[in-house]
Amino acid sequence: MQFRLDSFYKFCNSLRVDTKEYGIVPLGKRLYTAQKTVVDRIGAGLEKDVHSFVVLKGRQMGISTLSLAFDLYWAFKYPGTQGSLVTNDDGNKEMFRNTLKLYQAGLPPQWKIPTSIDNRYELGFKNRSRFIYQVAGERKNSSLGKGKALNFLHATEVSAWGDEEALASLQSALAEKHPLRLYLYESTAQGFNMFYDMWETAKRSVSQDAIFVGWWLKEDYRITENSPIYKVYGYKGLSDYEKKAARMINKMYGYTLNQGQLAWYRWKLNDEIKDESLMKQNFPMHEEEAFILSGSNFFSTELLTDLHKSLLRTKFVGYSFMFRDRFEDTDIKEVHPRQATLKIWEYPKQGAVYVLGADPAYGASENNDRSCIQVFRCYADKLEHVAEFCSPVCDTYQFAYVCAYLSGAYGAAHGAMSMLNLEINGPGQAVKQELNNMKRNISDAGGATGEIRDFIGSVRSYLYRRVDSTGRSFALDWKTNADTKERMMNAMNDALSRNLLILKSPEMVEEMRTVIRDGGSISHASHTHDDRVIAGALAAVAWNDYMRTEAAKARQFYAEVQIRENPSAAFERSDNVGASLIQGYLRQAGIA
C-alpha cells in the first residue's frame with residue numbers, strides 16, 4: 001500500500017506529548033532518530049506489502065509514544081479502522097489512554113474527528129473507526145481476541161504477556177487481506193519468551209519485518225565534551241567488549257558509535273545500573289545481546305553469537321522418515337530442507353568413529369516436547385557434528401527405529417564404529433525396550449539379512465558408571481538427574497570452550513543460548529527448548545568417557561584425517577596447530 005511519510009510527519013507535528021526531559025512539546029519537533037527509523041521502516045515495509053512489524057527496543061526509546069501516534073493517525077486517515085490497543089497491564093493502559101487524550105486535545109481542526117465513545121474499554125470516532133482497549137496481563141487470558149475482527153493492532157511490552165494461547169487467539173482475529181491492515185508489536189526483550197519467538201519468526205518471514213532500535217539511535221543518550229561526566233568516561237580507547245560491540249553495530253546496522261555515546265554507556269553502567277547483564281537487557285548494543293536472561297548463561301554468549309552467524313548458511317541434505325509397523329519396512333526419502341526431520345551435514349565414512357546422543361520427547365525433562373538425536377564424528381582431539389534428527393511427532397517405537405537406523409548407518413553398515421547414549425528417563429524406557437525387542441527378534445526380522453543385522457545388531461549402548469566408583473558396576477544408557485546433568489552439560493561446555501566441539505546446527509546453537517545456571521542448577525529459560533542441547537550433551541559425555549579413546553586407537557586425529565580425506569587441505573592452512581602434522585604427512589607421502 002502507499003504510505004505517505006510526509007503526511008504522517010505533518011500529523012506528528014500537530015500532536016503534543018508530555019516528555020520526561022522537555023515537558024509538553026510537539027511530537028514531530030522532538031522525534032529521535034530511533035523513532036524516525038521505525039517510521040521509515042514501516043513506510044518501506046507497507047510499500048512492499050508487509051503489514052506486520054515486530055519492534056525490539058531498549059528502555060525509554062519513545063517507541064510506544066510513536067506507536068500511539070500511528071494508532072490515532074490510522075483511525076483518522078482511514079475511516080472504519082477496527083483496531084485494538086493491547087497493553088501488558090492496567091497501568092500502561094491508563095497511561096496510554098491519557099496520552100491519546102493529550103494528542104486529541106492539541107489537534108488542529110482539519111485533523112479533529114469527534115468521538116462517538118470514550119471510556120476505559122473503547123475509543124470510537126464518528127468516522128466509524130474504533131479502538132478496543134485490552135490488557136494481556138501476566139496470566140491466562142482466554143478472552144483476548146475472542147469475538148473480535150481487527151485490521152489494526154498495537155501490542156506493547158509483549159515480552160511481559162503471560163499467555164501464549166491468548167496471543168494466538170488475538171492474532172487469529174486479525175485480517176489477512178485487508179489492504180489497509182497494520183499490526184505493530186513493540187517490546188523490550190526480557191529474556192527468552194514468546195516475544196523472542198515472534199522476533200525470530202519476523203526475521204525469517206517475508207510477510208513481516210523485524211526492527212531493532214538500539215539505544216545509540218536516541219540523541220539524548222550521549223555526553224557532550226563540556227560535561228564533567230565526559231571528563232571521567234570520555235576517555236579514548238575501547239575495552240575488548242566495546243571493540244566487539246562497536247564492530248557488530250557497524251556490521252549489522254552500518255552505524256558507528258561516537259565517543260559521546262561510549263561515555264554515556266560507561267556512565268550509565270557504572271554510576272546507575274551497576275550490573276552488566278541488566279545494562280545489556282535494558283540498553284542492548286545489538287539484537288543478539290537483547291535477550292539476556294536473569295540467570296547466568298551456561299555457555300559463552302560471545303562464542304555462540306559468532307557461531308550462530310557462521311552457521312546460518314551451512315548447507316545440509318534433508319530427509320524424512322516414512323515409518324511403517326516394522327523396522328525393515330520403514331523408508332527414508334530426501335525432502336525440501338524446510339520439511340526435513342533428519343539433517344545430514346556429512347555422510348558416514350568407512351573407518352570413522354561416531355557417537356549418538358538420543359533424547360526422546362519428555363525424556364530428560366517434562367518440558368521437552370521433541371525427540372532428538374545428535375550424531376557426531378569422533379576424533380581424539382575433536383567432536384564434529386554430522387547429523388541431527390529432531391521431530392515433535394515421533395512415537396517411542398519410531399524413535400527406536402531412528403536410533404537403530406542412525407547407529408547402523410554411522411556404524412557397521414558403512415564400516416564404521418558407533419555408540420548410542422540414550423536418555424532412559426520416562427519414555428526412554430519404552431524406546432530401550434523396543435530396541436531390546438528388535439535385537440531379540442533379529443533372527444525373525446525379514447530373514448535377518450546382513451543389512452538388517454548391521455542396523456539392529458550394531459547398536460552399541462553407552463555404559464554408565466559413577467565417576468567416584470572403584471568397582472566394575474555399570475548400567476546401560478543414561479538417566480538424567482541433577483548430578484548427571486552437571487556431568488554431561490559440563491562435558492559439552494568444556495569441549496565448546498576449548499574449541500574441541502564443531503557444531504553445524506544453528507537451531508542447536510540457538511537453544512544453547514537459552515541454557516542458564518540459576519540457583520546452582522542448570523536449566524533453560526521458560527518458553528524455550530533444549531532438546532537438541534540435551535542430545536548433544538549426551539553425545540559429548542559419551543565421547544569424553546569412551547569414544548575419544550576409541551578414536552585415538554583408530555588414528556582418528558582431526559588434522560590428519562582432514563588431509564587423508566581431502567589432501568588439498570594441506571595447502572589451505574599451514575599456520576595452525578596441525579602444521580607439524582601436515583608437514584609430517586607430506587614428508588611421509590614423499591611430497592615434501
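Guide: A word before we start on this predicted model. Asp, Glu, Lys and Arg count as charged, while Tyr, Trp and Phe are among the nonpolar residues.

Visitor: Then what makes the lining of the largest cavity divide into three nonpolar, no polar and five charged residues?

Guide: Go through the lining: Tyr196, Trp199, Glu200, Lys203, Glu287, Glu288, Phe291 and Arg513. Nothing is left for the polar class.

Visitor: Why is this space called a cavity?

Guide: Because a 1.4 Å probe fits there but cannot get out. The volume of the largest cavity is about 30 Å³. A search of the whole structure gives one cavity of 30 Å³ or more.

Visitor: Which elements give two or more residues to its lining?

Guide: Helix H6 (194-204) and helix H11 (287-290). H6 gives the most, with four residues.

Visitor: What is the volume of the second largest pocket, and why is it called a pocket?

Guide: About 760 Å³. A pocket is an open set of points with protein on both sides, so the name differs from that of a cavity, where the probe cannot get out. The pocket has 30 lining residues, with Gln60, Gly62, Ser64, Thr65 and Met95 nearest its centre. Strand S1 (16-19), H3 and helix H4 (90-105) each give two or more residues to that lining. H4 supplies the largest share, six residues. By class, the lining has nine nonpolar, 12 polar and nine charged residues.

Visitor: How do you know that H3 is largely enclosed by the rest of the structure?

Guide: Count its buried residues, those under 20% relative accessible area. In H3 that is 13 of 15, so the helix is largely enclosed. Across the protein, buried residues make up 54% of the 592.

Visitor: What span is expected for H3, and what does the model give?

Guide: At 1.5 Å a residue, 21 Å is expected. Helix H3 (residues 63-77) reaches 21 Å from its first C-alpha to its last, close to that value.

Visitor: Where is the mean pLDDT of an element lowest, and where highest?

Guide: Helix H21 (residues 579-588) has the lowest, 42, and strand S3 (residues 52-57) the highest, 97. Over residues 573-592 the pLDDT is below 50, and this stretch makes 14 contacts beyond near neighbours in sequence. The average for the protein is 87, with 89% of residues at 70 or above.

Terms used: Residues numbered from 1 in each chain as written. Predicted model: local features only at pLDDT ≥ 70, side-chain atom pairs only at ≥ 80, totals over all residues. Heavy atoms only, no water. pLDDT = per-residue confidence, 0-100. Contact = heavy atoms within 4.5 Å. Expected span 1.5 Å × (residues − 1). Buried < 20%, exposed > 50% of the residue type's maximum accessible area, 1.4 Å probe, protein only. 1 Å grid on protein atoms, 1.4 Å probe; cavity = no way out; pocket = protein on both sides within 12 Å on 5 of 7 lines; lining within 4 Å. Points joined across faces, edges and corners; volume = space filled by probe spheres on them.
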